[in-house]
Amino acid sequence: MKGLVTNRHAESHEPILAPGQIRLSAVRYLNARPLLHGLLHNMSEGRFHVDLHTPSELTRMLIEEETHVALAPIATLAHHGGLELIPEVAIGCDGDVGSVVLFSEVQVEDLDEVIVDSASRTSAILLRLILRHLRPGREPRYVTQNVGQQALGAQSPVRGTRGALVIGDAALESRGSFAHELDLGRAWKDWTGLPFVFAAWLARRDGSNATMTRHDVDQLIASYESGAASIASIAASWSGHNPQSAATYERYLTEQIRYRLDENALAGLREFLDRAAEARLLPPVELSMWADSRARTRATSLPSVDALLERAAHGGRLSYHDAVRLGEEASTHDLGYAADVRRRALHPHGVVTYIVDRNINYTNVCTTSCRFCAFYRPVGHHEGYVLSREQLAEKIRETVDAGGIQILLQGGLNPDLPLSWYEELFQWMKSQFPIALHALSPEEIWHLSRMENLSLEQVLTRLRAAGMDSLPGGGAEVLTDRVRRKIAKAKCTSAEWLECMRVAHHVGMRSTATMMFGTVDTQTDRLAHLFKVRDLQDETGGFTAFICWDYQYEQGTVQRAGETGTVLYLRMQALARLVLDNVHNIQSSWVTQGPAVGQIALRYGANDLGSVMFEENVVSSAGTTFAMDAAEIERHARAAGFRAVRRNMRYEWLTEPS
Ligand code: SF4
């Protein structure tokens, strides 16, 4: 079908739009087909480019400005905060929905763990609300996984006291396979008496939707009208490549799914957003309906910047659009003040923490060729190295003698070092020295996973068994693929970086999250990065801290510097403190910014001064050579008005404040 993009590879690349064409993106499930019917049959005469994605991908695309309008999950309204709801049609239910179901072998009351499909945030939040209602004070453990769109089969994660929330076509195909099914549409109806809206057409309020005319909106409605008249043929066509009969799909589309966004459905939608905000699962949002340009009254109901700062300073959740406005409109001083208020609330003792550890770069041989990296050497280069046991022992001994408790071990992606090399190394390090191992960034874990043909979980579990304690958040750079493709195109995608962290957290490790900005990134990329970290932290709680810094350009490095500098660094860190309401610690990056800026950063949301500096080759290769020992760090903390405390990777205090 013309203009329809469906394969995974195509998803990660933006289509070339004809002048005046609007990109429309939609969920790929059966229940979206009636809404898309007219569009896919070129009723709009090329006005719209239509492509299909998972629900969570649509949220990302709206934030990263990859699409103009999306038939997206309703939670996106609050998460993004700058969207308008296009009227009249949506995907909802008024009772049983059939395609959003919690499957289990035991009663809901007896569940200890629930696998949540990573494809949909709205359904995951709805599940949390319903389970809090059904079993107050006894939340199960939530584990996010990509459940996929196949019926749950023999390898099903549903076992014993573990259930799974399944959405879309996979849920339809899995009905009747398990002892218990909780239909979330029915559960919501029984609880509130209201319909539920799962997805609706959402358009960015910030001008891009100005191109959506009344005629365009009428086309979306007409597209549905044409779909409603063709339900039988949609169902028949779907059954041609799916397991159930056309009659079953037709019943689902006509008896369970509701497409009218009437007053009652809107009441259900508002109720969901209000309850999710009250439960702190979503930021509060003022529902904004699409209006054409003649009727548009310029966003008069938006909270003031002062109100946003006040909310964030007191721990209230910001939407993406709130953060955009703070980034654009708040003064640097006001951002810093709000971040400082938040820092004081989270860390009320007037204390700054730091760790005595050592960064060891075990090899500089790397196959990745990041444009900003002056540290790596290609395979076979005469300056390539792998540290010997003797060299490592000397460095670790120096660290331990200086009171060090941890080694931060990172290196290039060296194809000559198999997983067993790391296992033996870690076992040896742990047997010889009393140190914790904060080792291997997601990029290195992916490298081992691919090289050994093992899953992330298998690699991380083996490394953990060999002595690895936690994972540094290196290699994140900026977590949008637009940026990553330009500066480090051989590196893992942003989704893969996050997936590695997700798995690490699930196997019991803690990690940090970082952001190196200032290459080709824009504020949109940087804020998208913060929200991806926040989303994952909502799922796993596994990040102990966030650290950001700007790119340190060195003469001769391929990548030129983009938006960098002390003011931007302080603003980004303050924004991070305000957006990352679920990450407890923010580290000041004095290694790149210098000790004086590191001190100022303590008044822009940071509560930690990171690590003493023995050596750090990746940054120092780029010409940045700041160094402080423990006494210097403590002196700088005191001079900035704090007391200093040594900590471990989990930010537990190891000394009394001094
Ligand atoms: S930043 Fe890391 S992955 Fe990229 S080239 Fe340098 S060592 Fe390799």
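Residues are numbered from 1 along each chain as its sequence is written, and side-chain values use heavy atoms, with hydrogens and water left out. Since the model is predicted, local features need pLDDT of at least 70 and side-chain atom pairs count only at pLDDT 80 or more, while totals for chains, interfaces and linings use all residues.

Start with the sheet. It is open, has 6 strands in the order S2-S1-S3-S10-S4-S11, and its pairing is mixed. Strands (E, at least two residues) and helices (H or I, at least four) are DSSP runs numbered from the N terminus, and two strands pair if DSSP finds at least two bridges between them. Strand S2 (48-53) and strand S11 (258-261) sit at the edges with a single partner strand each, so one side of each has no neighbour in the sheet. On average, neighbouring strands are turned by 25° against each other, direction ignored. (Axes are lines fitted to C-alpha atoms, for helices over the stretch in contact, and angles run from 0 to 180 degrees between N-to-C directions.) Strand S1 (residues 22-27) pairs with strand S3 (residues 69-73) in the parallel sense over 3 bridges, and Leu24 stands opposite Val69 in S3.

Helix H8 (residues 214-228) touches S1, S2, S4, S10 and S11, and its direction makes about 5° with that of S4. Helix H11 (residues 263-278) touches S4, S10 and S11, and makes about 90° with the direction of S11.

Next comes Leu30, in the loop between S1 and helix H2 (33-40). Leu30 counts as buried because its relative accessibility is 0%; the cut-off is under 20% relative accessible area, with over 50% exposed and partly exposed in between (1.4 Å probe, protein chains only). Not counting residues up to four places away in sequence, Leu30 touches Asp169, Leu172, Ile234, Trp238, Tyr249, Tyr252 and Leu253. Ile234 is 204 residues away along the chain, yet the two C-alpha atoms are separated by 8.5 Å.

As for nonpolar cores (buried Ala, Val, Leu, Ile, Met, Phe, Trp, Tyr and Cys residues joined through side-chain atoms within 4.5 Å), the largest has 114 residues, and Phe546 is one of those touching the most other members. Helix H22 (residues 566-579) supplies the largest share, 9 residues. Another core, of 89 residues, lies apart from it and includes Leu253.

Finally, the residues around the ligand include Cys366, Phe372, Tyr376 and Lys491, where near means a heavy atom within 4 Å.

How values were computed:
Contact means heavy atoms within 4.5 Å.
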